[in-house]
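Open the model in your viewer and show it as a cartoon. We will go from an inner space to a helix, then step back to the whole.

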Amino acid sequence: MALTESFYPNISSPLLAESNTALLDVLTSPRWQGMQKFSRRDAALDPLLLAVAASATTHTTRNHYHHDFFPGAQADTALRVKRAAEDTNKTQERKRMSYVSRQGPRRLRLQPVISSQPAIASQVISLAEPSPISSIEVKCMARTRIPTPHGPAFLHLYHNNRDNKEHLAIVVDPAQYSDDSSVLAPPIRSRSLDGVWSDEETDMDRIIRGAYVGKLSATSQHPSRPSLQQPSSMPSIPSPLVRIHSECFTGETVGSMRCDCGEQLDEAIHLISQPISLPDNASSNSRTIPGRGAVIYLKQEGRGIGLLSKIRAYNLQDLGHDTVTANLMLGHQADERGYEIAVAILRDLGLGSELGEGVRLLTNNPDKVQALEKEGLRVVERVPMVPRSWRHRSHSQVDADETAELGKTAGVTMIGGEAVRGEDLDKYLRTKILRMGHMLPLYLAGGQAAS
């Protein structure tokens, strides 16, 4: 009891619990009363246990002493006296220290942050105008020469920062094979391909990726150099023909006659490859230059819905629905294609920009023209693409047996240079005219064109 009073000289004994006093007596006892073979190590006073027992209530343990940040035996005496003098009958709510993570739970971090500040006009996001995203960047990764039934062409493969697809550009510009400096039309070349990719690249690195001029051979290897000049248009030369074509596995590879996509791809390369007549002011004669232009081949199957949904849409069409209704029944839009990547590729080729050459667009779709012009493409003329089978209807009907006798005409797709015809195709073209606004004459049964 004397030891207890030494710790609390100003506190009367009733304030201390009897259990604390009994504990102190046990801890401070010099000898253990029971039978013990080995000497006890707790005979000496443990300062930690003594401080715990003397620090007040029966709820205090060794763990509390370490982690509760509560003053122990070495605290100021005046503070301990003040705390002990408080009313013990009143429930005390001790303020405990706790660790709070500044990172917060994952479910809270994933929630959008809603500012309490009033929104200003510049911060209001309209639902009709989505927030601007990063501008599209395209890069031509490779270029090579490909011989086609319509003449030579250059195949360009592009990567972009918008999707993981490899879009293509088929450039028809045979004047690039010539070393003649008198060529009037500017070459259609990729600026990203001709640019310097690294300080360590060699001439062979540039040639392997397709950055060369002239015709590549074992004896002719001339790497290209970056061009800082934007190709400018020449009034005396017609603008190049351009076709924005979407991938169609069924029509181009399999030869399906549900659509005219294979025929359109072949017809576009054929039209672009045709020689261009230039008027000669000095004489009545005219001279020609090789045809020039490009087909931008986008990987957006089935008007953007993908091959899987396109196959399912075909089944709905067999049930009696047209191509637009089938898309809508599958939860898609009638046309989900985008043309921003195509415009970026054309700009890389020096076509369609304000400073470069304008383009003559091969299409029947007015929505495509509007979408391309919205992306900043300069379209100087729309060139229609009348289906080959419909083109013959204004003259005479070609019998199927006659067509077989003429032989197959070479082309770049499964269809080749032949005309696609059939009941499925007629239904498809009528739907594009009546429901999608394509600018074509609507042929009715009997070969007469509707107004």
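A cavity here is a set of grid points where a 1.4 Å probe fits but cannot get out. Its volume is the space filled by probe spheres set on those points. Keep in mind that this model is predicted.

**Stop 1: the largest cavity.** The structure holds 6 cavities of 30 Å³ or more. Go to the largest one, with about 410 Å³ of space. Select C261, R303, R337, Y428 and K432: of the 30 lining residues, these are the closest to the centre.

Now colour the elements around this cavity. Strand β4 (241-246) supplies at least two lining residues. So do the helices α10 (261-272), α11 (307-318), α12 (323-329) and α17 (423-436), each with at least two.

**Stop 2: helix α13.** Select residues 340-348. This helix is mostly covered, with 7 of its 9 residues buried. Show I341, A342, V343, A344, I345, L346 and D348 to see the buried ones. Then move just past the end of α13 to G350, where phi is positive, at about 80°.

**Stop 3: the whole protein.** Zoom out. The protein has 17 helices and 11 strands. Of its 451 residues, 37% are buried. Take the contacts between residues at least 6 apart in sequence: 60% of them join residues at least 24 apart. Finish with the surface.

Technical notes
Residues numbered from 1 in each chain as written. Predicted model: local features only at pLDDT ≥ 70, side-chain atom pairs only at ≥ 80, totals over all residues. Heavy atoms only, no water. 1 Å grid on protein atoms, 1.4 Å probe; cavity = no way out; pocket = protein on both sides within 12 Å on 5 of 7 lines; lining within 4 Å. Helix = DSSP H or I, 4+ residues; strand = E, 2+ residues; numbered from the N terminus. Buried < 20%, exposed > 50% of the residue type's maximum accessible area, 1.4 Å probe, protein only. Contact = heavy atoms within 4.5 Å.
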